[in-house]
Amino acid sequence: PELDKFINVYDFEKYAPLKMTKQGLAYYSSGKGVIFFKIVNQNIKIKVDVTTVDMRTKILGFESSCPIYLSATALGKLAHDDGELAIARAAYNSGVIQMIPTLGSYSLEEICNARVDKTSQVQFFQLYVNANRELTRKLVKTAEAHGCKALFITVDAPQLARRERDMRFKVNTNPANVQSNQSSSNGSTQQGFSKALSSFIDPSLQWKDIAWFQSITNMKIVLKGIQCAEDALLAVKHGVDGIVLSNHGGRQLDTSRSSIEVLVEVMDALKRARVDDRIEVYVDGGIRRGTDIFKALALGAKAVGIGRPMLWGLACHGQPGVQKVIDLLKAELESTMRLMGTPTLAAIRKDMLVVDDISHH
Ligand code: FNR
């Protein structure tokens, strides 16, 4: 359908399969978009002037038009020929920040060069740490040299999970950075993308490696894939700038907890240790509605990441499709903020939610 017929994110989910190959779809849809937000209800507030709603924020100190960023997803070409390049342009037009994947269909340099405004547009880089640390160092240096402002180190994927749908298809496509930089994937896409990509990642990554990253880069460092309070506290101790509570969109460990559940526990722990101002906390996984974003912010998240909704937009309509997905989420968040009587993000508070038995679900 025409772009103006899409009225929410689920419309994009519905039509994306029509635009994709069987193989691409299998890779994208591995894992569940589980969401446990339903148990959180809202108390509508009145008597607040909500004529204008301001949802601008800063992520790691960088301006964003709203508390949403585009999370890294590998192999963007499976959705659209312009892949991550289209996402870069859409991000600029929507005023949001793109997290470039290590395993993009386009190379890091190409995606950085796709910035619409070379000076003002901010991009982050998602890093899969390779066992070959020289290679990893080179990748980090390249990201920094090309103007990336933060390094999101993915820590929930010592191996990519057994993704069964994906395993049933055999395709030959490799991410640009892997193709050009290393040989260990040796064309083993015979068992699906996930298996092939898995060989890129170092399973021995540990807390002590964080200091090494801090020594080789001036970029901000964020750990993507934290899933419990203990690790959140360790992240603070190791001096990182942020954490993403994520279960990788449900694509890694089956039956892992949802990020929103982890968020409650993590914010409590950070507050108890009086370090909640030392680190920014983001969540991703299953964000499909403005209300989802509102709830995450109320529980203490600084911003949310989206993965699949962006890819559905990309598959359906390329760059304008991605922009439309962001526009819809922004419109829904704005409407939610207005209905909740919160004209600014700072006005959104935890006591506006009924966090009902969250640990029992
Ligand atoms: C991902 N994700 C991901 N994360 C990462 O750190 N490196 C990667 O290469 C990828 N690749 C990837 C591919 C695809 C097809 C998907 C759907 C996801 C995870 C992603 O960054 C994010 O954590 C989730 O996608 C968020 O969940 P939703 O928004 O997709 O529900």
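1. In this note, Ala, Val, Leu, Ile, Met, Phe, Trp, Tyr, Cys and Pro count as nonpolar, Asp, Glu, Lys and Arg as charged, and the others, Gly among them, as polar. By that division, the shell around the ligand holds eight nonpolar, 12 polar and four charged residues. The model under discussion is a predicted one.

2. The ligand is surrounded by 24 residues, of which Ser71, Ala74, Gly249, Gly307 and Arg308 are the closest. Helix H2 (22–29) and strand S11 (303–306) are the elements that contribute two or more residues to this shell.

3. Strand S11 also belongs to a closed barrel of eight strands, ordered S4-S5-S6-S7-S8-S9-S10-S11 and paired in parallel. On average, neighbouring strands of this sheet are turned by 30° against each other, direction ignored.

4. Gln126 has Phe152 of S7 as its bridge partner. Helix H10 (residues 229–237) packs on the sheet, where it touches strand S8 (220–226) and strand S9 (242–245). The direction of H10 makes about 170° with that of S8.

5. Helix H3 (residues 83–94) packs with helix H13 (residues 308–339) at an angle of about 15°, their axes being 8 Å apart. The two helices are therefore roughly parallel, and their crossing is right-handed.

6. On the H3 side, the contact is made by Ala86, Ile87, Arg89, Ala90, Asn93 and Ser94. H13 supplies Met310, Leu314, Gly318, Gln319, Val322, Gln323, Ile326 and Asp327. By class, this contact of H3 with H13 comprises seven nonpolar, five polar and two charged residues.

Definitions and conventions: Residues numbered from 1 in each chain as written. Predicted model: local features only at pLDDT ≥ 70, side-chain atom pairs only at ≥ 80, totals over all residues. Axes fitted to C-alpha atoms, helices over the stretch in contact; angles between N-to-C directions. Helix = DSSP H or I, 4+ residues; strand = E, 2+ residues; numbered from the N terminus. Parallel < 35°, antiparallel > 145°, perpendicular 65-115°, else oblique. Left-handed = near helix turned anticlockwise from the far one by under 90°. Contact = placed C-beta atoms within 7 Å. Near = placed C-beta within 6 Å. Pairing = 2+ DSSP bridges.
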